[in-house]
Amino acid sequence: LEALPGGAWRLRFPEGTEAPPRTAAPALAELGRRLAAAPEGRVVLLAQASGPEDVSTARRLSLARGLAVKDALVAGGLPPTRIDIRPMGRQEDRLDAVDVQPPGGGRPAP
C-alpha cells in the first residue's frame with residue numbers, strides 16, 4: 001500500500017488481474033483493523049482499470065478489484081456496511097489500482 005495525500009492509500013494491481021497481490025494481504029488486514037477502530041464513517045474504495053478499451057469490461061474489472069479489497073478489509077475487522085465501492089472503470093490516468101479513502105479524509109490512529 002502506498003500513502004496518498006489526504007490520508008488515503010493506494011493498492012496497485014498487475015494489469016488485467018482481479019485479485020490483489022498476495023503480498024498485500026497482511027497490509028490490507030491491518031488497514032481493516034485500523035479503520036474498524038476509527039470513529040464511525042464510510043470508507044470509500046475507488047477502483048480503476050487501465051484497460052481494456054471496452055468501457056463495460058473495464059467497469060466490471062474495477063468492480064471485481066473493489067470487491068476483493070472490500071473482502072480483505074472485512075477480513076481485518078472492518079464492518080462491510082461501512083464500505084462503499086465506486087467502480088470507475090478506465091480513467092484518463094489509466095491506473096490499475098484501488099484507492100482506499102478513510103472516513104473524513106484523515107488517517108485513523110495507529
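Trainee: Which strands does helix 2 lie across?

Mentor: This is a predicted model, and in it helix 2 (residues 55–75) lies across strand 2, strand 3, strand 4 and strand 5. Helix 2 runs at about 155° to strand 4.

Trainee: How do you know that the length of helix 2 agrees with its number of residues?

Mentor: Helix 2 has 21 residues, and at 1.5 Å a residue they should span 30 Å. The end C-alpha atoms of helix 2 are 30 Å apart, so the two values agree.

Trainee: Which residues of helix 2 are buried, and what covers them?

Mentor: The buried residues of helix 2 include Ala58, Leu61, Ala64, Ala68 and Val69, and also Arg65. Their cover includes strand 2, helix 1, strand 3, strand 4 and strand 5. Just after helix 2, Gly77 takes a positive phi of about 115°.

Trainee: Where does helix 1 lie?

Mentor: Helix 1 (residues 25–37) lies across strand 2 (9–12), strand 3 and strand 5 (97–101). The angle between helix 1 and strand 2 is about 155°.

Trainee: What makes one face of helix 1 the buried one?

Mentor: In helix 1, Leu28, Ala29, Leu31, Gly32 and Leu35 are buried. Seen down the axis of helix 1, these buried residues fall within an arc of 160°, so they line one face of the helix. The face turned away from that buried side carries the exposed residues Pro26 and Ala37.

Trainee: What covers the buried residues of helix 1?

Mentor: The cover includes strand 2, strand 3, helix 2 and strand 5.

Trainee: What is the order of the strands in the sheet, and why are strand 1 and strand 4 called edge strands?

Mentor: The sheet is open, has five strands in the order 1-2-5-3-4, and its pairing is mixed. Strand 1 (2–3) and strand 4 (83–89) are the edge strands, as each pairs on one side only.

Trainee: How do you know that strand 1 and strand 2 pair?

Mentor: Pairing requires at least two bridges between the strands. Strand 1 and strand 2 are joined by two bridges, in the antiparallel sense, so by that cut-off they pair. In strand 2, Arg10 is the bridge partner of Glu2. The hairpin of these strands has five residues between them, and Gly6 there takes a positive phi near 85°.

Trainee: Which strands run parallel, with six bridges between them?

Mentor: Strand 3 (residues 43–48) and strand 4 do, with Val44 bridged to Asp84 in strand 4. Strand 2 and strand 5, by contrast, run antiparallel and are joined by four bridges.

Trainee: Why is Arg82 called buried?

Mentor: Buried means under 20% relative accessible area. Arg82 has 5%, so the word applies. Arg82 lies in the loop between helix 2 and strand 4. Among the residues Arg82 touches are Leu35, Pro39, Gly41 and Pro103. The backbone oxygen of Gly41 lies 2.8 Å from a polar atom of the Arg82 side chain.

Trainee: Why is Arg94 called partly exposed?

Mentor: The relative accessible area of Arg94 is 39%. Partly exposed covers values between the 20% limit for buried and the 50% limit for exposed, so Arg94 belongs there. Arg94 lies in the loop between strand 4 and strand 5, and its phi is near 45°, a positive value in a residue other than glycine.

Conventions. Residues are numbered from 1 along each chain as its sequence is written. This is a predicted model: local features need pLDDT of at least 70, side-chain atom pairs count only at pLDDT 80 or more; totals for chains, interfaces and linings use all residues. Side-chain values use heavy atoms; hydrogens and water are left out. Contact means heavy atoms within 4.5 Å. Axes are lines fitted to C-alpha atoms, for helices over the stretch in contact, and angles run from 0 to 180 degrees between N-to-C directions. Buried means under 20% relative accessible area, exposed over 50%, partly exposed in between (1.4 Å probe, protein chains only). The arc is that of the directions from the helix axis to the C-beta atoms. A polar contact is a pair of N or O atoms within 3.5 Å; within protein, one must be able to donate a hydrogen and the other to accept it, and residues adjacent in sequence count only if both atoms are side-chain atoms. The expected span of a helix is 1.5 Å times one less than its number of residues. Lists of a residue's contacts leave out its neighbours within four places in sequence.
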